[in-house]
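I am opening my notebook on this structure and writing down, entry by entry, what I looked up.

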Amino acid sequence: MPKPVLLLTRKLPAAIEARAAAEFDARLNPQDDPWFRDGAEIARRAAEAGAAGILCAAGDPMSAETIAALPASVKAIATFSVGYDHINVPAAKARGITVTNTPEVLSFATAETALTLMLMAARRAGEGERMVRARKWEGWAPTQLMGVTLEGKKLGILGMGRIGRELASMARGLKMEIHYRDVQRLPAEAEQGAIFHDNDAGFLSTIDVISMHVPGGDATRKWLNAERLAQMKPGSLVVNSGRGGSVDDVALVAALKSGHIRAAGLDVYDGEPVVFEGYFGLENVVLLPHLGSATIEVRDAMGHRALDNLTAVLAGKPALHPVG
Ligand code: DGY
């Protein structure tokens, strides 16, 4: 029996491409040619190949238009990400296409990235690194690049899902007090002492650092806007490793310039890979290139998870991690 055709939109770790080639009639993108940025081109390639499955990634434009243009042969779209705001899931469902993601395996790594941003922002690590690289460092000085400690500070986690809970457990090691805001309260055993807030104003006015872990999409669009930033205490820190669209960039730049927000750490951007111009002139913002889950171990695990889902669905079995 011929193997099902699988279209991979991106270059993936070697072990994942090898497995895809062994188990499917895989059409790889070994040079990461940027055709994946064009939904019509994804659909054209899927039709040309007669693809049964598509393995795509965060940011690929799997919009309603792309999905409408896919050939009838496509039965599954597996995204190499936990987030799936780049896929119009209802449009896929309406065409009988199963959509899957890669939850759990990346929670710890993504929390590590949030922690990195939080520490870098608090301790002015980006500024210091730039100073040394520019050969401008003239030696240790008592008042040089003083940041703030995280010890004893109140960390506010917006979105207490798996990643938020991993970050909470790391932050307890820094002796931070954990607060969280979510649509509903966790069971007590999962809270582990974290303090739940049922309203934005109380949450924002209590915390010293916000770490954002909410999905993208209309419901969270520009959630951290000028009004909410104003509710935070002067000198607070902002960290976002969730989705860029949940921050109002104009408002955050204004708050960083005025000093109301001491510093920010960002790993995600609205309209990636474009980064809002206003950030580039600021010393007090750390800008990472969407590194959230980027570890060797995790990217392999994500790849296996995506392939496990494709194998199941294309064999007529239920998906392991369906979304929507
Ligand atoms: C995800 O998995 O959603 C990440 O943001 C992509 O690395």
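Entry 1, a strand pair. Strand β6, residues 154-158, pairs with β7 in the parallel sense over five bridges, where two strands are said to pair if DSSP finds at least two bridges between them. Strands here are DSSP runs of E with at least two residues, helices are runs of H or I with at least four residues, and both are numbered from the N terminus. I must note that this is a predicted model, in which local features need pLDDT of at least 70 and side-chain atom pairs count only at pLDDT 80 or more, while totals for chains, interfaces and linings use all residues. Residues are numbered from 1 along each chain as its sequence is written.

I asked how many of the five residues of strand β7 are buried. Four of them are, so β7 (residues 177-181) is largely enclosed by the rest of the structure. I call a residue buried if 20 or more other C-beta atoms lie within 10 Å of its own, exposed if 12 or fewer do, and partly exposed in between, with C-beta atoms placed from the backbone. In helix α7, which runs over residues 162-172, the buried residues include I163, G164, L167 and A171. The elements that cover the buried residues of α7 include β6, β7, α5 (107-123) and β9 (209-212), where a contact means that the C-beta atoms of two residues, placed from the backbone, lie within 7 Å.

I counted twelve helices and twelve strands in the protein chain. The radius of gyration is 21 Å, close to the 20 Å that the globule rule gives for 324 residues, so the chain is as compact as a globular protein of that length. This radius is taken over C-alpha atoms, and the rule is 2.2 Å times the number of residues to the power 0.38. Along its principal axes the C-alpha trace spans about 70 × 50 × 30 Å, and buried residues make up 42% of the 324 residues.

Which residues are around the ligand? I found A58, S81, V82, G83, L106, G292 and S293, using the criterion that a residue's C-beta atom, placed from the backbone, lies within 6 Å of the molecule.

A UniProt annotation from an unreviewed entry, "domain: D-isomer specific 2-hydroxyacid dehydrogenase NAD-binding", covers residues 115-292; its positions are in the numbering used here, feature names are shortened, and annotations may be inferred rather than shown by experiment. Over residues 115-292 the chain is 31% helix and 17% strand, and the end C-alpha atoms are 10 Å apart.

Most residues other than glycine have a negative phi, and most peptide bonds are trans. I noted that phi of D32 is near 55 degrees, a positive value, and that D32 is found in the loop between β2 (25-27) and α2 (39-49). D32 counts as exposed, with 11 C-beta neighbours inside 10 Å. Phi of Q192 is also positive, near 45 degrees, and Q192 lies in the loop between α8 and β8 (195-197). The peptide bond from E272 to P273 is cis, with omega near 10 degrees, and P273 lies in the loop between β11 (261-266) and β12 (285-287).
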